[in-house]
Amino acid sequence: MTTPTAANVAQGDAHVDVQAGVVHGDINFYRLPPDSSPEEEFAFALNYLDGRVRDQARKLIEKAVAGGYVTTEVQFYRLIALLSGRTLRQLVPEELDHLTAICASLPHLDDHDEWAAGLKVIIRLLAPVSAAETDLVVKEIDALNQRQRDGIYGHLEALLEGAMQEEMWRQSVTLADSQRTAEDRFTRVWKFFHPTPAPPRTLPVQPAAIPLRDWLRAGAGAAVFALAVVQLIVPVAARGTLDPFLGLLAGLVGLAAFCVGGADRYYRGTRLRAKEAQIRPPRQRRREAPPGGFARKVDRLFDRYFGRYIPQGTDRNYWLAQTAGIQRHLRDEVVELYREQRIEADRVAWLVRHLVGHVRGQWERDTLTAYRQQLRIPARTKVLHVGGLALLTGGSLWVVPAVMASAPLSGTGWLLLAAASAVPAVRSSFRIVAERRRVVDDQAEKDDKDTARWAAYHRWCHKLSDKPSDTEMAAWLESDRKVLVDQAMRQYRLRPSHVIAHAFIEAPAPSCKKARYPQGPWRYSRYRLLLFLLTDDGVRQVNIDLDFETAASRTTQRLNYRFDAVAAVRIDGIATRQQTFELTLFNGEPISTRVSEPDNETLQHDENATKIAELSLDASGLSHTLHVLEGVAAEGKEWVKHRRRHADERLADLAGALRGLPD
């Protein structure tokens, strides 16, 4: 057998580049309450067992048993957790002692107890099963309830040897092949890595900002104008004719009409300019936000979705150029809304998509600038504005001669004072009215935005409502692993009975997404897997890239080497920081891959970084793989022979003890 030179899987300081993790903080699937009862500890142990976090499951089951909670169901899963994924020869002496003690403690198994039936099957599997008994044992397994069958086929497929092992493996792979696509996996799995969307927000309406000088000018100007008008009435009344009064009345009516029309015209103009400023392409390129910050991530979201949501029949460059101002305005709004709330940008991606989609819809309906039509000056306003000015002018020409004739000096003064006070008062009143109308219209727009955003938010939450559970993620991953092991054995033309043991190293692939439950292990969207098949002839190693979202896999490297070619196996790094698995062959470079990344940003208030790292490594099967490979590196093939010989002696004792158990 040749021993090829090994190539690094991830050499030196190659960066794995795992994206920021998502923690589904509203789920208590793994959160064991303080002062929990043994029954609760057992229930959470089953959660961990379903999540393939076997060591933690064993610890909690033993804790429940120590607390006095011992039933046939507990004993069934106690054995499942101890034996999961391993052959009897892979158990260390302490575990064999524990297995013997569990079996010795079993009470009389009542035939009417469904969990006792499952225990009987496991005990049957612990003793040697002849080829003639294979079909009978399989029938006994198939007669169990669904959960017990899945537990045995899903966890104990490696337990046996010979014909029974072949049959168990076939049943297990068949189950895995059906489960890996079950529960609509390919349309749901991406949702596990999606963070909980942040609730929608809208910028509050700015209250009316009216400077004090405008209030003073409007108030004082109106008071002075009223005084001047009263003073003008005196000389007009002295003439004893009605015509000057009609002229004065016409002037006042014209002034009122001019103010009403002018105020509406002024508001529409200022509102139109403000709207145009929101969509006008920026004259200067905006300075980029600091790398890694919330604003920079929001920039990328808007760039991504404006580049993706292009209206039909529209040139990409033209679309981006024409909407640059809108993009800037919306981006600034989102940054302003969420920057100070410690919210990850991915949680507002739904809002960015909604905003960009709304802009695209307006573009396609040709309503992006509909405000221009809405703010056009109506005929009524023009009539009031122009007609009022004309009536004011006509009335003034009618009144002025009468005033000048009755009181030339004082009348001229009051006329000038009326004009001088009216002009600033009218201008200030325009600004006051415009600001008050702006508040009303802004509030109406805010209400419309709130309604649309909440509707989009609820639609997105509904879309995410069937997010897979961690148990489903673990079941899919375990099914992928079994199918990959079966494919590797077929490639090497190996039968299950030829494989002493198989082991995995699971690591996050470059640029993958990751997510987890509180107190649970990390799950990744893409994995880098190292599969080791131990046979009598040596080690077959297969390096595989697995896209978990599509279940597509690609073999990147295949290596064959003898047991004595393994020089060293080790894990570098601290659990809470970056850890690297390294396998060194005597005639090759180290084979290394990162199995964990530093993670302190996603910890919940009741979580410990070391504990989370341990759970993730437990779920990845790293401790089991290390134990196997370290033994091979230390003793070579002799380790396999020694373990097999020692285990056979212990198993013979175990078989004797099992024969003495009550039925």
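Okay, let's start with a term: a salt bridge here is a side-chain nitrogen of Lys or Arg within 4 Å of a carboxyl oxygen of Asp or Glu. Keep that in your head, and keep in mind too that what you see above is a predicted model.

So, first example. The side chains of Lys 191 and Asp 466 form a salt bridge, with 2.5 Å from N to O. Where do these two sit? Lys 191 is in helix 9, residues 185-192, while Asp 466 is in the loop between helix 18 (408-464) and helix 19, so this contact ties together parts that are 275 residues apart in sequence. And are they buried or exposed? Lys 191 has a relative accessible area of 6%, so it counts as buried. Asp 466 comes out at 32%, so that one is partly exposed.

How many salt bridges are there in the whole structure? A search finds 32. Some of them share partners, and in that way Arg 271, Lys 275, Glu 435, Arg 438, Asp 442 and Glu 445 are joined into one network.

Next pair: Arg 52 and Glu 478, whose side chains meet in a salt bridge at 3.8 Å, N to O. Arg 52 is in the loop between helix 1 and helix 2, and Glu 478 is in helix 19, residues 470-491, so you have partners 426 residues apart. Arg 52 is buried, at 12% relative accessible area, and Glu 478 is buried as well, at 9%.

One more of these. Lys 63 and Glu 41 also meet through their side chains, in a salt bridge of 3.6 Å from N to O. Lys 63 belongs to helix 2 (residues 54-66) and Glu 41 to helix 1 (residues 38-50); the two are 22 residues apart, and the pair links distant parts of the chain. Why do we call Glu 41 buried? Because its relative accessibility is 6%, and buried means under 20%. Lys 63 is at 48%, so it counts as partly exposed.

Okay, over to the surface. Leu 212, Trp 215 and Leu 216 form a nonpolar patch there, and together they have about 350 Å² of accessible area. Let's pick out Leu 216, which is found in helix 10, residues 212-238. Why does Leu 216 count as exposed? Because its relative accessibility is 53%, and the cut-off for exposed is over 50%.

Note on methods. Residues numbered from 1 in each chain as written. Predicted model: local features only at pLDDT ≥ 70, side-chain atom pairs only at ≥ 80, totals over all residues. Heavy atoms only, no water. Patch = residues over 30% accessible without salt bridge, like charges linked within 9 Å, V, L, I, M, F, W, Y side chains within 5 Å. Areas by Shrake-Rupley, 256 points an atom, 1.4 Å probe, with all protein chains shown as cover. Helix = DSSP H or I, 4+ residues; strand = E, 2+ residues; numbered from the N terminus. Buried < 20%, exposed > 50% of the residue type's maximum accessible area, 1.4 Å probe, protein only.
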